Amino acid sequence: MRCGTNSIKRILDGCVVQESFSGQGSAPLRGTSVSAFDGNSGKWKQTWVDNQGAYLDFVGKFKDGQMILQREAIGKNGAKSMQRMVWKNIAA
């Protein structure tokens, strides 16, 4: 099981959501993401980077009370897969 601390806050005049994750253990995962609403496309966009060299770019929408962000990933063997994050029960 991986445990850690996640801090989420609004930055840049409340227009961007910033997440900072710090894991625990012998090789802790540390990463950050920024999420913003793109008015031109009508979608949310999130970029994640971490200390293990990951760069992830998600796109999605808030609909029916949940936020769904997804991206197409390409594995080391060239196989494609869909990665998806879903947030529910979102409250102020």
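These legends walk through a few close-up views of a predicted model. Local features here need pLDDT of at least 70 and side-chain atom pairs count only at pLDDT 80 or more, while totals for chains, interfaces and linings use all residues. Residues are numbered from 1 along each chain as its sequence is written, and side-chain values use heavy atoms, with hydrogens and water left out.

**View 1. Seven strands make an open sheet.** Follow the order β1-β2-β3-β4-β5-β6-β7, with antiparallel pairing. Out at the edges sit β1 (4-11) and β7 (80-87), each pairing on one side only. From one strand to the next, the twist averages 20°. Strands (E, at least two residues) are DSSP runs, numbered from the N terminus, and two of them pair if DSSP finds at least two bridges between them. In general, the strands of a sheet pair through backbone hydrogen bonds.

**View 2. Here β2 meets β3.** Strand β2 (residues 16-23) runs antiparallel to strand β3 (residues 30-38), and seven bridges join them. Look for F21: its bridge partner in β3 is G31.

**View 3. S35 is a buried residue of strand β3.** S35 counts as buried because its relative accessibility is 11%, and buried means under 20% relative accessible area (1.4 Å probe, protein chains only). Its side chain makes a polar contact with the side chain of Q46 (3.1 Å); that term means a pair of N or O atoms within 3.5 Å, one able to donate a hydrogen and the other to accept it. Not counting residues up to four places away in sequence, S35 touches C15, V16, V17, W44, K45 and Q46 (contact means heavy atoms within 4.5 Å).

**View 4. D38 is also found in strand β3.** The side chains of D38 and K45 are joined by a polar contact of 3.0 Å. Leaving out residues up to four places away in sequence, D38 touches K43 and K45.

Conventions
Helices (H or I, at least four residues) and strands (E, at least two) are DSSP runs, numbered from the N terminus. Axes are lines fitted to C-alpha atoms, for helices over the stretch in contact, and angles run from 0 to 180 degrees between N-to-C directions. Buried means under 20% relative accessible area, exposed over 50%, partly exposed in between (1.4 Å probe, protein chains only).
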